Amino acid sequence: MSQKLAARLLVLFVTVCLVTGSAFAQTKGTGKKATPPAASAKSEKSATKAEKKSELIDINSASKKELMTLSGIGDAYAQKIVDNRPYRGKNDLVRKNIIPQATYDKISDQIIARQGTAAAAKKK
């Protein structure tokens, strides 16, 4: 009798684990939802955000002045960014201790590190 009870508890435990695992594994839908007419102002704001994202600043080729337009980047940080080029990824700014993490968090969505552009910028 105790073996049957142990087997039933084991089956129940496995079932609960599978159900909870599949519940946590589900992701949010990525399909577009219909926007209500009142949300037109919000869509205009998102359009301007999309325009800003298309104007990413390349940290491997941007001038010091361009870098200084970023929030939290002054003359000293801009010079350090220029002096330590090239970067393999934009997170190199924090990894190489060029700027602090808090500053990187502010500008990470505004910058990009394209490969091969630093050499082209030095030639010019």
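Leaving aside its neighbours within four places in sequence, which residues is Ile99 in contact with? The legends below take that up, starting with the whole chain.

**View 1. The whole chain, end to end.** This is a predicted model, and its chain holds seven helices and two strands. Of the 124 residues, 20% count as buried. The chain exposes about 9800 Å², with carbon and sulfur atoms supplying 59% of that area. Take the contacts between residues at least 6 apart in sequence, and 50% of them join residues at least 24 apart.

View 2. H1 covers residues 2-25, which makes 24 residues. From its first C-alpha to its last it reaches 34 Å, close to the 34 Å expected at 1.5 Å a residue. How many of the residues of H1 are buried? The count is zero, so to speak a helix that is hardly covered.

**View 3. The largest nonpolar core.** Here you're looking at a set of 16 residues. Those that touch the most other members are Ile59, Leu67, Ile73, Ile81, Leu93 and Ile99. Helix H4 (75-83) and helix H6 (101-107) each supply at least two residues of this core.

**View 4. Zooming in on Ile99.** Back to the opening question: setting aside neighbours within four places in sequence, Ile99 is in contact with Ile73, Tyr77, Ile81, Leu93, Val94, Tyr104 and Ile107.

Terms used: Residues are numbered from 1 along each chain as its sequence is written. This is a predicted model: local features need pLDDT of at least 70, side-chain atom pairs count only at pLDDT 80 or more; totals for chains, interfaces and linings use all residues. Side-chain values use heavy atoms; hydrogens and water are left out. Helices (H or I, at least four residues) and strands (E, at least two) are DSSP runs, numbered from the N terminus. Buried means under 20% relative accessible area, exposed over 50%, partly exposed in between (1.4 Å probe, protein chains only). Contact means heavy atoms within 4.5 Å. Accessible areas come from the Shrake-Rupley method with a 1.4 Å probe; for residues, only the protein chains shown count as cover. The expected span of a helix is 1.5 Å times one less than its number of residues. A nonpolar core is a set of buried Ala, Val, Leu, Ile, Met, Phe, Trp, Tyr and Cys residues joined through side-chain atoms within 4.5 Å.
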